[in-house]
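Me: I would like to learn how to read features in a protein model. Please give the general idea, then the case here.

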Amino acid sequence: MKVASFGKLLLSIMVFLAFLFSFQADRTQAAYSFQAKVNADVLNVRSQPGTSYSIVGKLKESQVVTVYEQKNGWSRIVYGTVKGWVATQYISATTWTGYVTATNLNFRSAPGGSVLGTLPKGTAVTVHGNDGTWLKVYATTLGKTGWVSGSYVSKQKPATTTTVSKVVLKANSNIRKGPGTSYAILYTEKAGTFMDKLGESNGWVKVKSPTGIIGWVSGTLVRDPNSVLKGKVIVLDPGHGGYDSGTRGVTYLEKTLTLRTALELKPLLERAGAKVILTRSSDSYISLAQRVNVSNNNKAQAFISLHYNAYSSTSTGVMTFYYNSSKDAALAGLIQSNLVATTQLRNMGSRYGNYHVLRENRQPAALVELGFLSNPNEEKLIATTTYQKKAANGIYNGLFHYFLTR
Ligand SMILES: [Zn+2]
């Protein structure tokens, strides 16, 4: 059966060719490739690597081709339906920036090779090329080139790495519909409120309030919250110490609690960039004159003397003293109002007090009485870590508001 065997042979050849073709196709897909940009006005694409071969297409400057192979100064490229060889000197490799989308992405020596390190989510990598599945990348964090799975790298910068910047209001501020005084007032927001900063235009800042209201505020009324306490010299003066125990409750001595409060407050202020100086950091006696010297010699921008009170077994509340109404009263008033807000204790107000550490102080100074040790119930409350933190936060907030406009 001659015809039949010829048919069989033809079929065999076709199967073989199909096999070869599929093998070639697979090989092409698995081969390493990268993107390159044409940097000649016109670039000839030839059927084979060499100027003697026929021109099968032409490329223009800035067109981006995919390069699959390079040899002897020639590059095998694909551009749409144009396939062939171009002189390597007229193309330049391009890279793109990718971002890791996996929690921790393995960084390997080769496609599927040994793990050289891991890249956390959001890490930016420079992508040089790929083999269809794996990306060849340079990771700045590791200082080397390697391979990562292409499934976990995105051109989109992940939203988690963008942080909202905040501004804080220096005064009670009108929030308007648009960037200018000609726009209607939406509402008035309180001094000290933290707002999300959404944009800026002509000296006005687009803001979002904590309750979600979006509007505009004059740039003169806001500042960067991180700048408020930065570099401020603050002296904390834990009252009493050593043989001077101060007042006493059933269990606690005033000198012990004043130091606890100071040590609770110090790191809060330091985290905000303030320079904090303690008049004492242990149970030691220092005179009133020495305390004032610490303030004057360091040119304290705020001096806070910490105390606990005594009167009757039913007395309750917090109060803050100042001596000089022009130098000290603003500081005392802001500490008092913020202390009441955080501790929720009775507000005994800020008031004049003729105390040595205030009277002899050349620097802005205040003296706080943080509750009554003579009241056994209040003593128990005062001694809790929760109350100590509330008191420290109240004084911190008072100082933050005080320095908002200073
Ligand atoms: Zn005292």
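Me: With which residue does arginine 291 form a salt bridge, and how far apart are the closest N and O atoms?

Reply: Two ground rules come first. This is a predicted model, in which local features need pLDDT of at least 70, side-chain atom pairs count only at pLDDT 80 or more, and totals for chains, interfaces and linings use all residues. Residues are numbered from 1 along each chain as its sequence is written, and side-chain values use heavy atoms, with hydrogens and water left out. Now the general idea: a salt bridge is a side-chain nitrogen of Lys or Arg within 4 Å of a carboxyl oxygen of Asp or Glu. Here the partner of arginine 291 is aspartate 237, and the closest N and O atoms are 2.7 Å apart. The pair links distant parts of the chain, 54 residues apart. Arginine 291 sits in helix 3 (residues 288-297) and aspartate 237 in strand 22 (residues 233-238). Helices (H or I, at least four residues) and strands (E, at least two) are DSSP runs, numbered from the N terminus.

Me: Is arginine 291 buried or exposed? And aspartate 237, buried or exposed?

Reply: Buried means under 20%, exposed over 50%, and partly exposed in between, with a 1.4 Å probe and protein chains only. Arginine 291 has 3% relative accessibility, so it counts as buried. Aspartate 237 is at 1%, so it is buried too.

Me: Which side chain does a polar contact of 2.6 Å join to aspartate 237?

Reply: A polar contact is a pair of N or O atoms within 3.5 Å. Within protein, one must be able to donate a hydrogen and the other to accept it. Residues adjacent in sequence count only if both atoms are side-chain atoms. In this case the 2.6 Å contact joins aspartate 237 to the side chain of threonine 279. Threonine 279 lies in the loop between strand 23 (275-278) and helix 3. At 10% relative accessibility, threonine 279 counts as buried. Contact means heavy atoms within 4.5 Å. Not counting residues up to four places away in sequence, threonine 279 touches residues including Asp237, Arg291, Val294 and Phe303.

Me: How many salt bridges does the structure hold?

Reply: The structure holds 9. One of them joins lysine 266 to glutamate 270, with the closest N and O atoms 3.1 Å apart. Both lie in helix 2 (residues 254-271), 4 residues apart, about one turn of the helix. Lysine 266 is partly exposed at 24%, and glutamate 270 is partly exposed at 34%. Lysine 327 and aspartate 328 also meet in a salt bridge, at 2.9 Å from N to O. Lysine 327 is partly exposed at 22%, whereas aspartate 328 is buried at 0%.

Me: Now backbone angles. What is phi of asparagine 202?

Reply: Most residues other than glycine have a negative phi. Phi of asparagine 202 is near 45°, a positive value. Asparagine 202 lies in the loop between strand 18 (194-201) and strand 19 (204-208). Asparagine 202 is exposed, with a relative accessible area of 73%. Asparagine 72 also has a positive phi, of about 50°. Asparagine 72 lies in the loop between strand 4 (64-71) and strand 5 (74-79). Asparagine 72 is exposed at 74%.

Me: Last topic, domains. Into which domains is the protein divided?

Reply: Domain bounds come from an automatic or database domain assignment. Here they give domain 1 (30-94), domain 2 (96-160), domain 3 (163-223) and domain 4 (233-404).

Me: How much area is buried between domain 1 and domain 2?

Reply: Buried area is the accessible area (1.4 Å probe) that two parts lose on being put together, summed over both. For domain 1 and domain 2 the area is about 470 Å², and carbon and sulfur atoms give 41% of it. Salt bridges between domain 1 and domain 2 number 0. The rule finds 1 residue pair in polar contact across this interface, both at pLDDT 80 or more. The centres of domain 1 and domain 2, taken over C-alpha atoms, are 27 Å apart. The contact takes 6 residues from domain 1 and 7 residues from domain 2.
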